[in-house]
Amino acid sequence: MGIQEIVEQALRNGYLTPTQEAEVGRICDKATELSVEDYMALDRLMGALLTGQVVAVPRKQFINVMEELVLTEAITRIAAIEAEQKCALDLGDIAAYALNRLPPLYATTEEGAQYQRQRAEEELMDLIRTQVQEAINHSMARPQFHPERSAIGKTSGKEVFTQVSSLLQAYANDYECPKGESAR
């Protein structure tokens with residue numbers, strides 16, 4: 001989405017989300033020169049923000065205390081396992097697996113977060129430990145299919161086509177090459 005579309009959407013909705021703000025920043029940082037239309041759109045957005053016609057939504061007004069509790073438990077467990085077994089576990093996968101099986105504990109103030117932490121430590125630590133252990137077990141039980149594989153690069157359409165074409169040539173017996181290219 002371009003600057004003009006983002007500005008139109010913000011004006012229509014009456015608010016600018018953190019994602020929209022980040023995208024505008026990314027476009028401005030990446031572009032060597034913006035078009036006159038983009039500058040005009042940015043000027044309209046700035047005016048709308050100054051008059052209150054558009055409100056910038058704050059980045060994050062709340063936290064899920066369960067995330068920090070799960071991460072702390074997972075980091076402790078993973079470090080011990082990796083030191084013992086010479087393996088690498090994915091903290092993100094393990095945390096996400098456990099968090100999807102635990103209740104969220106949201107708070108909007110530091111006092112609320114402290115209350116949620118205390119509540120979790122008193123009532124939910126056994127459940128947190130159990131879910132993190134299940135997540136680790138699940139992660140360790142997954143077979144490593146083709147660990148040498150890598151993602152297809154996304155630099156340009158032609159390069160992606162070339163990579164896919166190479167993969168097809170390597171794995172498909174009856175592959176026909178496009179005009180102008182030759183098979184191995």
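**Exercise 1. Classify Tyr106 by its accessibility, then describe the aromatic pair it belongs to.**

Solution. 
Step 1. Tyr106 has a relative accessibility of 48%, so it counts as partly exposed. The cut-offs that decide this are under 20% for buried and over 50% for exposed. Note that the model is predicted.
Step 2. Tyr106 lies in strand β4, which covers residues 106–107.
Step 3. Find the partner. Tyr106 pairs with Phe62. The ring centres are 5.7 Å apart, and the planes stand at 75°. Planes over 60 degrees apart count as edge-to-face, and this pair is edge-to-face.
Step 4. Phe62 sits in the loop between β2 (55–56) and β3 (63–64). The two residues are 44 apart, and the pair links distant parts of the chain.
Step 5. Classify Phe62. Its relative accessible area is 43%, so Phe62 is partly exposed.
Step 6. Count. The total comes to one aromatic pair.

**Exercise 2. Decide how α1 and α2 are oriented to each other, and list the residues in their contact.**

Solution. 
Step 1. Locate the helices. α1 spans residues 3–13, and α2 spans residues 18–30.
Step 2. Take the geometry. The packing angle is about 155°, and the axes are 10 Å apart.
Step 3. Apply the cut-off. Angles over 145 degrees count as roughly antiparallel. Therefore α1 and α2 are roughly antiparallel to each other. The crossing is left-handed.
Step 4. List the contact. α1 supplies Ile3, Ile6, Gln9 and Ala10. α2 supplies Gln20, Glu23, Val24, Ile27 and Cys28.
Step 5. Sort by class. The contact has six nonpolar residues, two polar and one charged.

**Exercise 3. Classify Glu8, and state how far it lies from Ala41 in sequence and in space.**

Solution. 
Step 1. Glu8 belongs to helix α1.
Step 2. Its relative accessible area is 35%, so Glu8 is partly exposed.
Step 3. Glu8 and Ala41 are 33 residues apart in sequence. In space, their C-alpha atoms are 8.1 Å apart.

**Exercise 4. Describe how α7 packs with α4 and with α5.**

Solution. 
Step 1. Start with α4, residues 65–85. The axes of α4 and α7 come within 10 Å and cross at roughly 45°. That angle makes α4 oblique to α7. The crossing is right-handed.
Step 2. List this contact. From α4 come Met66, Leu69, Val70, Glu73, Ala74, Arg77, Ile78, Ile81 and Gln85. From α7 come Met125, Ile128, Arg129, Val132, Gln133, Ile136 and Met140. The classes are 11 nonpolar, two polar and three charged.
Step 3. Turn to α5, residues 91–99. The angle between α5 and α7 is about 130°, with axes 8 Å apart. Therefore these two helices are oblique to each other. Their crossing is right-handed.
Step 4. List this contact. Ile94, Tyr97 and Ala98 of α5 meet Gln131, Val132, Glu134, Ala135, Ile136, His138 and Ser139 of α7. Six of these residues are nonpolar, three polar and one charged.

**Exercise 5. Is Ser139 buried or exposed, and which residues does it contact?**

Solution. 
Step 1. Ser139 lies in α7, residues 125–141.
Step 2. Its relative accessible area is 12%, so Ser139 is buried.
Step 3. Leave out neighbours within four places in sequence. Ser139 is then in contact with Leu89 and Ile94. Ile94 is one of the α5 residues that meet α7.

Notes: Residues numbered from 1 in each chain as written. Predicted model: local features only at pLDDT ≥ 70, side-chain atom pairs only at ≥ 80, totals over all residues. Heavy atoms only, no water. Axes fitted to C-alpha atoms, helices over the stretch in contact; angles between N-to-C directions. Helix = DSSP H or I, 4+ residues; strand = E, 2+ residues; numbered from the N terminus. Parallel < 35°, antiparallel > 145°, perpendicular 65-115°, else oblique. Left-handed = near helix turned anticlockwise from the far one by under 90°. Contact = heavy atoms within 4.5 Å. Nonpolar A, V, L, I, M, F, W, Y, C, P; charged D, E, K, R; others polar. Buried < 20%, exposed > 50% of the residue type's maximum accessible area, 1.4 Å probe, protein only. Phe/Tyr/Trp six-rings, centres within 6.5 Å; stacked < 30°, edge-to-face > 60°.
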